Amino acid sequence: MPPAKTGYRYALTQPGVVAFTATGALARLPVAMVALALVLLVSETTGSYAFAGALSAAFAVTAALASIITSRWADRFGQVIVLRILAVLHSLLLVLATLTIIRSAPDLLQVAVVIAAGATSPAIGSYVRARWSHASHINGQSALLRVGFAWESILDELIFTVGPLITTALAFGVGFPVPLVIAAAAVLVGAMGLSLSKASTPPPALREGKRTSVLAVVRTRGLWVLITSALGLGTLFGALDVGAVAFTGARGSGSTAGVLLACFAAASMIGGIAYGARAWPGRLHRHTQVAAALLALVCAGFWFTDTNTGAILVASAAGALVAPTLIGVFSLTQRLVSPANVTEGLTWTNSGLAAGFAFGSALAGIGVDAFGSRAGLALCFGGAFLSSLMLFAGD
């Protein structure tokens, strides 16, 4: 039997792959735009960063929770119909949220519309990874899944590098409402385009006459370990965003925060490319454990550096280890859940990541106010340690 083919070129030449990865990337670009766009627009309109942060958090938390339900529907009824409904509703609600903010509608109305927009936000990353899972199942090649998940991790890093740049450029260069309108257009076009890629869509798992609990998938043995590990990684990401601004600002160079975060994202992209480019010996679980343990060790360096240059070096090293850890966590999730529930299972893990981001951002802000500028970056170690601890505890 000939060895399985591997590599990005082979993976990206599979039928339908270019179409669903391209449209999927466009559809999830707003994930890296909406939260920042809300903060910029609301703070500019009202002058209140507290209300801006509250709206942004309301959107993020609602999206993380509601996407579990909508992903469940995607597994049950198929991605096509769910994507089309969510694309239309989400884009319309983003535009409506923009109007309520710029027209200074009552605060409760603004909150309600933003929550509704979050509730209709599709978990595009999970939909696309479910398609990679389906493609690898059809081909009978686990290597295809590893490369596919690595590719999506690379695109995620690219999106989170480009998204904030687009948002700030549009807000300050064209107008503060514009990023939310562009995000609405991107999710509409991207999600509709993804729904047209029917050949790559996993078949719906209709369960006639059988109802399962909404918590049935999360009860899968070992899944909570991976969700909590993702929570730790999300905490790292959220703490890094706040910590970078506080740390560099305290040293008289707040703009260096952008350099630090860009180096982290670029290193993560390189780490994802390197990890996905070859087949690694040994078990996937062991690879992920090693990457997570090294990540925690590197993040401990934030405790000892006192210069912007040192923080950038630590962030770059951490970034290179984040992608293999994240790829491993999502790949292990895919292996645990049944093919009929793969989108929902991946969304549970992704929601752990999103919840961790919100938690890390909030806790880092509190820590900086209470203990100084280093506290935010120091919390990155806590997130990485939790992620590693859960992976070893679940062995």
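The buried residues of helix α12 are covered by elements that include α10, α11 (256-276), α13 and α15 (374-393), where cover is judged by contact, meaning heavy atoms within 4.5 Å. The structure is a predicted model, in which local features need pLDDT of at least 70, side-chain atom pairs count only at pLDDT 80 or more, and totals for chains, interfaces and linings use all residues. Residues are numbered from 1 along each chain as its sequence is written, and side-chain values use heavy atoms, with hydrogens and water left out.

Helices are DSSP runs (H or I, at least four residues), numbered from the N terminus. Helix α12 (residues 284-299) has 16 residues and reaches 23 Å from its first C-alpha to its last, close to the 22 Å expected at 1.5 Å a residue; the expected span is 1.5 Å times one less than the number of residues. Among the buried residues of α12 are Leu-284, His-287, Ala-291, Leu-295 and Cys-299, buried meaning under 20% relative accessible area and exposed over 50%, with partly exposed in between (1.4 Å probe, protein chains only).

In soluble globular proteins, nonpolar side chains tend to be buried together. A nonpolar core is a set of buried Ala, Val, Leu, Ile, Met, Phe, Trp, Tyr and Cys residues joined through side-chain atoms within 4.5 Å. The largest such core holds 73 residues, of which Tyr-127, Trp-132, Leu-236, Phe-264, Leu-295, Cys-299 and Phe-302 touch the most other members. Helix α13 supplies the largest share of this core, twelve residues. A second, separate core of 28 residues includes Val-34, Leu-38, Ile-101 and Ala-183.

Two helices pack against α14 (residues 342-371), with axes taken as lines fitted to C-alpha atoms over the stretch in contact, and angles running from 0 to 180 degrees between N-to-C directions. For α10 (residues 223-250), the angle with α14 is about 35 degrees and the axes lie 6 Å apart. By class, this contact has 17 nonpolar, nine polar and one charged residues; Ala, Val, Leu, Ile, Met, Phe, Trp, Tyr, Cys and Pro count as nonpolar, Asp, Glu, Lys and Arg as charged, and the others, Gly among them, as polar. Helix α13 (residues 308-336) packs with α14 at about 145 degrees, the axes being 9 Å apart. Contributors to the contact include Leu-326 and Phe-330 of α13 and Leu-346 and Leu-353 of α14.

Ser-104 lies in the loop between α5 (79-102) and α6 (107-119). Its phi is near 55 degrees, a positive value in a residue other than glycine. Ser-104 counts as exposed because its relative accessibility is 53%.
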